[in-house]
Each structure stands twice: as structure tokens, then as C-alpha cells.
Amino acid sequence: MKGRLLRLLPLALLVVFASAVCVSASRAPDRLVLADAFCAPTLARPLGCGEAGVDLTSLLGHAILRGALLAVVVALVGFAIGTPLGAASAMMRGRFERAVERACDLVQAFPTFLLAFAVLSAVRAPSRLHLGVVFAITAWAPFARLALVQTRVLRDAAFVEAAYALGLGRAEVLFRHVLPNLLGVVAVQLGGTAAAIVVSEAALSFLGFGPRDGVSLGSVMDQGVASMLRAPHVLVAGSLSVFVTSASMLIAGRAAARD
Amino acid sequence: MIFRAARAVLSRVAEAAAVLLVLASLVFFAMRLLPGDPAALILGDQSEEAERALLRAKLGLDQPLWLQYAHFLRGLATLDLGESLRRPGVAAMARVGAALGPTSELAALAVLFGAILGVGAALLASGPWLGERRRVVDRVLVAVAATPLLAFAPVVTYGLAARLRVVPLPGDPDAGFAGLAFASALLGIPLAAQVGRVGRAALADVGRAQFMGVARAKGATNFRVWVVHALPPSAGPIVTVIATQLGALLGGAVVLERLFERAGLGSLMLEAYASRDLPVLEGAVVASGALFVLTQGLAALAHAAMDPRVRA
């Protein structure tokens with residue numbers, strides 16, 4: 001148990017660090033000092049500066065915090081929608097069960113990147129809310145599938161039959177007996193989903209589909225690639241941030257694993 | 001038996017068609033629901049109203065939405081979406097067709113790299129060649145699988161292209177095959193990690209089978225035991241994992257095309273989006289979807305051809 005909770009530590013440290021950067025108001029990511037454009041790291045600016053003299057420490061702190069928040073919220077929304085849906089469909093059996101399974105097939109067989117592209121072309125400058133909605137369209141499917149498969153095992157278990165024999169309705173059995181037994185198994189999926197969303201958000205904003213304010217890991221990568229030869233520290237800092245954020249999500253997700 | 005096979009094929013084709021139709025409809029309606037006049041966006045704010053009306057009529061934007069949609073679907077079916085707006089006189093589908101080649105090359109080579117590298121790693125991690133050091137291969141596979149393409153591709157490019165100068169710099173027009181090979185190797189690495197992990201698990205399963213003992217008892221070499229006897233029955237999960245990674249591969253291809261400033265479907269989509277070239281954007285999105293669906297179908301066929309249990 002203790003070892004498992006320890007897995008939340010990297011994510012917690014990352015969030016604490018990013019929040020600390022965000023509250024130190026002197027380093028707002030919209031404060032530009034043109035004379036310092038692409039300056040190398042110094043003691044006062046530990047990660048140096050990016051385009052137009054933006055302080056990289058501050059920019060990355062804000063970008064990590066917002067990206068991580070988006071990923072966690074969307075993953076939790078997918079979890080909250082997918083788990084009851086999958087479990088309910090397996091409890092109902094028959095046509096509803098098959099329909100949900102087909103829907104999961106279809107969503108999981110979908111090239112998510114193209115989906116995001118097609119939907120985002122409806123807005124001229126996608127905001128973080130738009131990105132979240134696009135990710136939520138597909139995020140529920142893995143949770144629903146896992147819950148469905150797990151419920152198929154549970155629905156014939158003795159304790160479920162006993163609950164029916166005591167006169168409980170299907171909904172009560174679902175919420176009081178089946179769902180509590182699923183949550184642990186399904187929650188393992190949270191970390192992977194959140195990490196995938198961090199990376200997708202970065203990739204989309206790298207391609208120019210990010211929030212206008214440019215406070216996103218992908219925008220930092222974009223600056224870094226453009227100034228690769230002049231100021232490689234921007235690229236290195238951006239890449240490390242993407243890696244650390246995604247990896248800490250993956251590790252935190254393992255906290256729910258039973259091993 | 002034949003009926004069942006025909007039904008299986010039909011349901012796959014229907015699913016593929018459904019994915020393409022959803023994708024095409026999404027991009028169609030997304031472009032039309034966008035607030036603002038597309039004609040004004042394309043021609044600029046300074047344009048004359050008469051000019052805009054002319055363009056709207058040419059694009060069919062003055063017709064009711066359902067009629068536009070019907071025209072669009074007919075255009076898709078006949079592969080004729082009209083002319084590109086950015087390059088008048090060039091058919092949109094011709095531009096899409098020209099971009100399809102480079103992206104297919106990049107993706108195909110990446111799958112090849114990923115499969116060879118991944119299967120090699122799985123064999124090394126399962127077979128007896130490395131002894132206790134096999135665990136290192138396992139750890140490397142986990143670490144690579146957890147590293148997003150976006151995090152390592154630009155840094156590796158900086159190191160190899162800008163510092164060591166062993167591969168062409170991004171945007172080098174004379175990059176040629178070396179540029180293609182480097183880009184597809186980068187794209188193939190995350191795939192290799194997934195293939196390696198799944199292949200490792202599949203080989204571990206097969207390794208416990210009786211026929212492996214028989215093969216060893218017959219005095220077969222390690223190479224023969226693992227490559228000739230163990231690998232073919234493990235091919236199913238490996239092909240399946242490649243099929244499930246195709247979506248990620250396609251997304252990765254767009255990122256790499258942007259990174260290396262290579263021509264291809266991804267660059268075409270980004271350009272068409274920026275310049276609101278509706279026919280090209282629609283064609284490029286649908287073509288990418290078709291490429292994805294087609295390769296997924298091929299993977300299913302390959303799986304069935306290799307594993308008689310799936311054929312039924």
C-alpha cells in the first residue's frame with residue numbers, strides 16, 4: 001500500500017513545482033523582454049529565455065500545470081462516463097451490451113488524430129476547452145470496454161445473485177455491488193489515458209492547433225524546433241517537460257494497480 | 001463456411017466505410033459551421049463583395065446545406081472534389097494524390113523498421129543469447145514505450161543532424177533517401193517498443209508449449225528453436241499490435257512531416273487548414289482515413305493468413 005502511494009509522488013512534486021512557479025508573479029509567461037530573446041540559462045532565469053524573451057521556467061510551469069489539469073479532468077470525465085456505461089451494458093445483456101461493445105470498437109478503431117483535426121477545423125483558434133471536448137469524445141471508450149469485460153465476470157458471481165435474491169433491483173445491484181468491485185481495476189487505465197492526453201495536447205499545439213496564448217508544451221516545442229540551431233536549450237527544456245509530465249502520469253496511474 | 005467468410009469480409013468493409021463516412025461528414029460540417037464567411041477568409045478582408053459572391057457560388061456555399069452535403073458525398077464517390085482554392089486550375093484530388101505517396105513511404109518504412117527492431121528485441125529478451133542481461137532489454141522496452149515521440153524526435157534530430165551532422169538537417173531539400181530513412185526510423189521507434197513488449201509476452205507464452213521441448217530434444221539450434229518454431233505462432237499478437245498502433249503512427253507522421261518540413265498528407269492538411277482550402281482539406285482528411293482503414297484491413301488479412309485459428 002505504502003509503495004503504491006509512493007507512485008503518486010512524481011506527479012505531486014511536478015504539480016507543486018509548477019504551482020510554485022505560477023504563484024511567483026514576477027515571472028508571468030506574458031512578460032516579454034525583447035532584449036533577452038533566446039538568452040542562455042542564467043542564475044536569475046534557470047532555463048533561459050525563449051522567443052521574444054519569455055522566461056522559460058515560468059512558461060513551462062504554466063504549460064505543465066494547465067496541460068496536466070486538462071489531462072486529469074478529461075481522463076476523470078472518461079472514467080466517470082465509461083465505467084457506469086460499460087457496467088450497465090453488461091448488466092442489461094443482449095442488444096444494449098452488443099451496441100456498446102460495437103461503439104467501443106468503432107471509437108477505438110478511429111484515428112484519434114484525424115478526429116481531432118476534423119473537429120477542431122470548426123474553430124479558428126481552439127481553446128483548451130475545445131481540446132478537452134475533442135479528447136473526451138474518445139476517452140470514455142477504454143474505460144467502458146474494461147468495465148464491460150469485468151462486469152461479465154462479476155454478473156454471475158454468487159454475491160450478485162445473493163443481492164438479487166434479497167430483492168434488490170438491477171440499478172441497486174449495479175451501483176452498490178458491481179461498480180465498487182470494478183473501480184480498482186478500471187482505474188488502472190486512468191494514468192495511461194491522462195498521459196496520452198498530455199502528449200496529444202502537446203502534439204496538436206506543436207502543429208498549431210493549440211491555445212492562442214501559446215502557453216502549452218507543444219508551443220514551447222515549436223519554438224525549440226524553430227530555434228534549434230541558435231538556442232538548443234529551448235528544445236531540450238521543452239522535450240524534458242513533455243517527457244516528465246507524461247511519465248509522472250503513467251507512474252501515478254500505477255498507484256491503482258494491485259501488484 | 002464460405003458464407004461466414006463473406007459475412008466477415010462484408011462487416012469489415014461496412015465498418016471501414018462507416019469510419020470514413022463519419023470522418024468525411026465531421027470535416028464537412030465542421031468547415032461549414034465555422035463562424036464567418038469562408039469566401040472572406042480565403043479572399044481577405046479587402047475583397048469586393050461581388051468577388052466573394054462569385055467564389056461562394058463556385059464553392060456552392062450559397063446552396064442549402066443538405067444539397068452541399070449531397071454534392072460533397074457524390075464528389076467523394078467519384079474522387080472529384082473540384083479545384084484547389086489555393087492553386088486554381090489544379091484538382092484538389094490531384095494535390096491529395098501527390099501527397100499520398102510521401103506519407104505512404106514514410107509510414108510503410110516506419111512499420112518495417114518498427115517490426116524488425118521490435119521482433120529482434122523480443123527475441124533477444126526471450127531467447128537464451130543474453131543470459132541474465134535479458135532483463136536489460138525488458139527495461140529498455142518499457143522506458144522507450146513510455147517516451148512520447150514528440151519528446152525524443154526533435155532532440156535526437158538536434159543531436160544527429162545539427163551537432164554530429166550524420167543525417168540531413170530538417171528542411172534540407174536534398175535530403176533524399178537518408179532523410180526519409182531517418183524520419184521513418186524515428187517514427188518506427190515507439191512502434192518497435194510496443195511490438196517488442198507484445199512480442200515478448202507472446203514468445204513467453206509459446207516458450208512453455210510442448211513443441212518447443214520437442215524441437216530442443218531434436219537438437220535444433222537456439223536460432224532454429226526461437227526463429228523457426230516459436231516466432232510464427234507469436235505473429236498474431238504482433239500483427240494485431242501493429243494494427244492498433246496505426247492511428248498513433250499516422251499522428252506521428254504528421255508531427256514528423258512538420259518537424260522535417262517534408263511534403264505529405266500532414267503538411268497538406270496543415271497548409272489547407274491555414275489557407276481554408278476546403279476541397280483540399282476535405283480530400284486530405286478522407287484520404288488519410290482511407291489509408292488508415294486500408295492498412296488496418298491488410299493487417300487483419302495478414303493475421304488471418306498466418307494464424308488458421310482466426311480464419312473461421
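From the N terminus on, the elements of chain A run α-α-α-α-α-α-α-α-α-α. Helices (H or I, at least four residues) and strands (E, at least two) are DSSP runs, numbered from the N terminus. This is a predicted model, in which local features need pLDDT of at least 70 and side-chain atom pairs count only at pLDDT 80 or more, while totals for chains, interfaces and linings use all residues. Residues are numbered from 1 along each chain as its sequence is written, and chains are lettered from A and ligands numbered from 1 in the order in which they are written.

**View 1. Chain A has 10 helices and zero strands.** Its C-alpha atoms fill a box of roughly 75 × 45 × 25 Å, taken along the principal axes. Chain A has 259 residues, and 46% of them count as buried. A residue is buried if 20 or more other C-beta atoms lie within 10 Å of its own, exposed if 12 or fewer, and partly exposed in between; C-beta atoms are placed from the backbone. Two residues are in contact if these C-beta atoms lie within 7 Å. Among contacts in chain A between residues at least 6 apart in sequence, 71% join residues at least 24 apart.

**View 2. Chain B has 15 helices and zero strands.** Along the principal axes, the C-alpha atoms of chain B fill a box of roughly 85 × 60 × 30 Å. Chain B has 312 residues, of which 37% are buried. Take the contacts in chain B between residues at least 6 apart in sequence: 71% of them join residues at least 24 apart.

**View 3. The largest nonpolar core has 149 residues.** A nonpolar core is a set of buried Ala, Val, Leu, Ile, Met, Phe, Trp, Tyr and Cys residues joined through C-beta atoms within 7 Å. B:Leu150, B:Ala284 and B:Val285 have the most contacts inside this core. B:Val285 touches residues of both chains. In chain A these are A:Leu114, A:Phe117 and A:Ala118. In chain B they are B:Leu23, B:Val27 and B:Met269, leaving out residues up to four places away in sequence.

**View 4. Chain B meets chain A through 36 residues of chain B and 33 residues of chain A.** On the side of chain B, the elements that give two or more residues are helix H1 (2-33), helix H7 (149-163), helix H12 (246-260), helix H13 (265-274) and helix H14 (278-306). H1(B) gives the most, with nine residues. By class, the side of chain B that touches chain A holds 28 nonpolar, six polar and two charged residues. Ala, Val, Leu, Ile, Met, Phe, Trp, Tyr, Cys and Pro count as nonpolar, Asp, Glu, Lys and Arg as charged, and the others, Gly among them, as polar.

**View 5. H12(B) is mostly covered.** Of its 15 residues, 15 are buried. H12(B) reaches 20 Å from its first C-alpha to its last, close to the 21 Å expected at 1.5 Å a residue. The expected span is 1.5 Å times one less than the number of residues. After H12(B) comes B:Glu261, in the loop between H12 and H13 of chain B. Phi of B:Glu261 is positive, near 50°. With 15 C-beta neighbours inside 10 Å, B:Glu261 counts as partly exposed.

**View 6. A:Arg93 has a positive phi, near 55°.** A:Arg93 sits in the loop between helix H3 (56-92) and helix H4 (94-108) of chain A. Most residues other than glycine have a negative phi. A:Arg93 is exposed, because 11 other C-beta atoms lie within 10 Å.

**View 7. Helix H11 (residues 235-244) of chain B packs with H14(B) at an angle of about 175°.** Their axes are 9 Å apart. The pair is therefore roughly antiparallel. Axes are lines fitted to C-alpha atoms, for helices over the stretch in contact, and angles run from 0 to 180 degrees between N-to-C directions. Angles under 35 degrees count as roughly parallel, over 145 as roughly antiparallel, 65 to 115 as roughly perpendicular and the rest as oblique. H11(B) brings residues including B:Ala235, B:Gly236 and B:Val239. Among those from H14(B) are B:Gln296, B:His303 and B:Met306. The contact divides into eight nonpolar, four polar and no charged residues.

**View 8. Helix H5 (residues 92-126) of chain B packs with H13(B) at an angle of about 140°.** Their axes are 7 Å apart. H5(B) is therefore oblique to H13(B). B:Arg95, B:Val96, B:Ala99, B:Leu100 and B:Thr103 of H5(B) make the contact with B:Leu265, B:Gly266 and B:Leu268 of H13(B). This contact has five nonpolar, two polar and one charged residues.
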